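Thanks, I'll keep this brief.

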Amino acid sequence: MSFKAFNLSSSLIEALAKCGYENPSAVQKNIIPRALRGESLLVQSATGTGKTHSFLIPIFEKVDVHLPRVQALVLSPTKELARQTYEFARELGRYFPKFRIRLYTSEDEVTQNLEGSSIPPHLIIGTPGRMKDVLLSRHLFSLQNVRYFILDEADMLLDLGFMNDVEEICRALPSKHSLLVFSATLRQNLRDSLSKFVKEDFRYEAEEIKTSRGVRHHFVDIKHGGIASALRDFLEIKHPYLTLAFASSKEEAEEVSQTLREWGISSILYTGNLEKRERARALRRIREDDCPLIIATDLLARGMDIEHVSDVISLSLPSDLDFYFHRAGRTGRFGKEGDSWVFYNADTLTRAKRLYEEEPSFDFYSLKGKALKQEKKSLFSLRERGTQKKELPIEERKEILIAKARSRKKHVEPMHKKKTQIAIEQVKRKYRRKAIREAIRGQLDKEFRKKDR
Ligand code: AMP
């Protein structure tokens, strides 16, 4: 099936072909005809399936460029996602010189947003706060000709507390518009929250696949090594084309990136801690394929389209496992294949097991030294036995951690590994002695009680 089947204008079909899009993807086949008819839809869409174009194409087809009025709004939860959608729209817009597009996010000062606003754009893309400010507080443009209102990554809009803003913007639109909601998950609270302002003809399209079909999922038991050294070994063994490694916190991302730098391995770090300019620089380097390793937090997991990611690594798992699927969706995009690797060890086993229940297609590897070995079956049971045997009293675990932390500070000293080992052994010995003493005392108590009777 080609785009011609949708009866699109020949100029749009030509523009799509020039952008390299010949045939519609599954989500586009489903959504474009309905959106062209003006239906409202709630779409559960896997990332990397072409969902952005499933709303951009109807917008480009239906907007009347001779009418100087805002006719379509796209709301994105983050400025990065908004910019990405803006770039996709501009790519198509190159072939429609009269089609005006504006981006409203906190990336720019409000004054910049207000510049050049004497002629209304046809399509506005932005984040809820800035959009509300520009459109509702400052009444920059009339919204009476809006026919498409798009909520992108709606579950994230909800999680970030933007639903009130969404509702206010929605109220300012004419009653007859098509509302297209795209979300990676369709949780009940999202549906409840949307039901407040969606009309009856609201439809629901589910795509059951969580991430694109081209993603292969792998667990990697990294044993006792730290995640930084596991990542280093992994990269040395696999030499991936472009690796996107996710950490579960800014601190973890920074620590891993710093450690690798000390070992002479450079990476692009992308976390919420970066200044506006640093973030823009990191994104530019990412887009320019400047470095084969990106270390990021989940800020980069949602919807961002980074080309050519061959391998996604979860250095640790997020507590909300939905994010795992967003991460994995950064590879295997658009019919390509990709690998998503999850590092785990005894400490992170519980989350890994929970994930395995949701995504049973995982296979198992173990990483030891310079070897990444595929295992025949699940390593979880093996690991569990290991952890059960080693389950230590909480006090003892605490002291071991303290001993490790102390020696970490001195990690530049010669023989630090040996010294750490000795410190841990001392703690263990102390607790073994304590356990023996307690056992003897228990034994003596029993003897005394016997005598007392
Ligand atoms: P998404 O994040 O789901 O919007 O997917 C976006 C990616 O899919 C981008 O790299 C687009 O360039 C690409 N894409 C969208 N539609 C098509 C199409 N019909 N054919 C080929 N690639 C497409």
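Which residues line the largest cavity? They are K79, E80, R83, Q84, E107, L283, R287 and M304. Before going on, note that this is a predicted model, where local features need pLDDT of at least 70, side-chain atom pairs count only at pLDDT 80 or more, and totals for chains, interfaces and linings use all residues. Residues are numbered from 1 along each chain as its sequence is written, and side-chain values use heavy atoms, with hydrogens and water left out.

On terms: the search runs on a 1 Å grid over the protein atoms alone, and a cavity is a set of points where a 1.4 Å probe fits but cannot get out. A pocket is an open set with protein on both sides within 12 Å along at least five of seven lines, and lining residues have an atom within 4 Å of a point. Points are joined across faces, edges and corners, and a volume is the space filled by probe spheres set on them.

Searching the whole structure gives 1 cavity of 30 Å³ or more. The largest cavity holds about 30 Å³. Its lining has 5 charged residues (Asp, Glu, Lys, Arg), 2 nonpolar (Ala, Val, Leu, Ile, Met, Phe, Trp, Tyr, Cys, Pro) and 1 polar (the others, Gly among them).

Now the second largest pocket, with a volume of about 990 Å³. It is lined by 39 residues, and Y21, F88, D305, E307 and R333 are the closest to its centre. By class, that lining divides into 16 polar, 15 charged and 8 nonpolar.
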